[in-house]
Amino acid sequence: MTIILDTGAFLTLERRTTASWRRVTNALNTGVPPLTHGGVIAQVWRGGHGRQARVAQALKGVTVEPLDDELGRAAGILLARAGMTDAIDAAVVSLAEDGDRILTSDPVAIDRLVEAAGLDVEVVPV
């Protein structure tokens, strides 16, 4: 089981939300690093200074997949199925496999995308 982080999940890490840090730490301790993609990083990264130092710390243990042609096309197909427009969220869901968990500040949108993808994924509000 992989934990996948959306932008909102990173923002909770930035705010030192204990539950989010515990989930990330537990994932690292099991040897399965959390996962995200470069588009999420673009939404959250502002240089790594001040409060961003916590995001920089978290990123040391997170696998960041490129938002490349393959992931972009998968996200686009998913958006068409779901009738939605947020490519970053669709790419987050496109990273998921059955049994994974997605940490998100927008569970309604992520649930809709998960349903459209036909995945058995736990959506965890943060």
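Leu71, Ala74, Ala75, Leu78 and Leu79 of helix H5 meet Ala87, Ala90, Ala91, Val93, Ser94 and Leu95 of helix H6. By class, the residues of this H5 and H6 contact divide into ten nonpolar, one polar and no charged. A word of care before going on: the model you are looking at is predicted.

On the H5 side the contact is made by Leu78, Leu79, Arg81 and Ala82, and on the H7 side by Arg112, Leu113, Ala116 and Ala117. Sorted by class, the contact of H5 with H7 has six nonpolar, no polar and two charged residues.

The remaining pairing to visit is H6 with H7. H6 covers residues 87–95, while H7 covers residues 107–117. These two helices pack at an angle of about 50°, and their axes are 10 Å apart. H6 and H7 are therefore oblique to each other, and their crossing is right-handed. By class, the contact of H6 with H7 has seven nonpolar, no polar and one charged residues. Asp89, Ala90 and Val93 are the H6 residues involved, and they meet Ala109, Ile110, Leu113, Val114 and Ala117 of H7.

Some residues turn up in two of these contacts. Leu78 and Leu79 of H5 meet H6, and Leu78 and Leu79 also take part in the contact with H7. Ala90 and Val93 of H6 meet H5, and Ala90 and Val93 meet H7 as well. On H7, Leu113 and Ala117 belong to the contact with H5, and Leu113 and Ala117 belong to the contact with H6 too.

## The nonpolar core

Which residues touch the most other members of the largest nonpolar core? They are Leu5, Phe10, Ile102 and Leu113, in a core of 39 residues. Helix H6 supplies the largest share of this core, with six residues.

Leu5 lies in strand E1, residues 3–5. Leu5 has a relative accessible area of 0%, so it is buried. Setting aside residues up to four places away in sequence, Leu5 touches Phe10, Leu13, Val24, Pro34, Leu35, Thr36, Val40, Val62, Val92 and Leu103.

Ile102 sits in strand E4, residues 101–104. Is Ile102 buried or exposed? At 0% relative accessibility, Ile102 counts as buried. With residues up to four places away in sequence left out, Ile102 touches Ile4, Val92, Val93, Ala96, Ile110, Val114, Val121, Glu122, Val123 and Val124. That list includes Val93 and Ile110, which take part in the contact between H6 and H7.

## A few single residues

Thr7 has its place in helix H1. At 15% relative accessibility, Thr7 counts as buried. Leaving aside neighbours within four places in sequence, Thr7 is in contact with Val40, Gln43 and Val44.

Arg16 makes a friendly stop for anyone checking backbone angles. Arg16 is found in the loop between helix H1 (7–14) and helix H2 (18–30). Phi of Arg16 is near 65°, a positive value in a residue other than glycine. At 56% relative accessibility, Arg16 counts as exposed.

Ile77 belongs to helix H5. With 47% relative accessibility, Ile77 counts as partly exposed.

## Distances between C-alpha atoms

| Pair | Apart in sequence | C-alpha to C-alpha |
|---|---|---|
| Leu5 and Ala80 | 75 residues | 22 Å |
| Thr7 and Arg51 | 44 residues | 15 Å |
| Ile77 and Ser94 | 17 residues | 9.6 Å |
| Ile102 and Pro125 | 23 residues | 8.4 Å |

Technical notes:
Residues are numbered from 1 along each chain as its sequence is written. This is a predicted model: local features need pLDDT of at least 70, side-chain atom pairs count only at pLDDT 80 or more; totals for chains, interfaces and linings use all residues. Side-chain values use heavy atoms; hydrogens and water are left out. A nonpolar core is a set of buried Ala, Val, Leu, Ile, Met, Phe, Trp, Tyr and Cys residues joined through side-chain atoms within 4.5 Å. Buried means under 20% relative accessible area, exposed over 50%, partly exposed in between (1.4 Å probe, protein chains only). Helices (H or I, at least four residues) and strands (E, at least two) are DSSP runs, numbered from the N terminus. Axes are lines fitted to C-alpha atoms, for helices over the stretch in contact, and angles run from 0 to 180 degrees between N-to-C directions. Angles under 35 degrees count as roughly parallel, over 145 as roughly antiparallel, 65 to 115 as roughly perpendicular and the rest as oblique. A crossing is left-handed if the near helix is turned anticlockwise from the far one by less than a right angle, and right-handed if clockwise. Contact means heavy atoms within 4.5 Å. Ala, Val, Leu, Ile, Met, Phe, Trp, Tyr, Cys and Pro count as nonpolar, Asp, Glu, Lys and Arg as charged, and the others, Gly among them, as polar.
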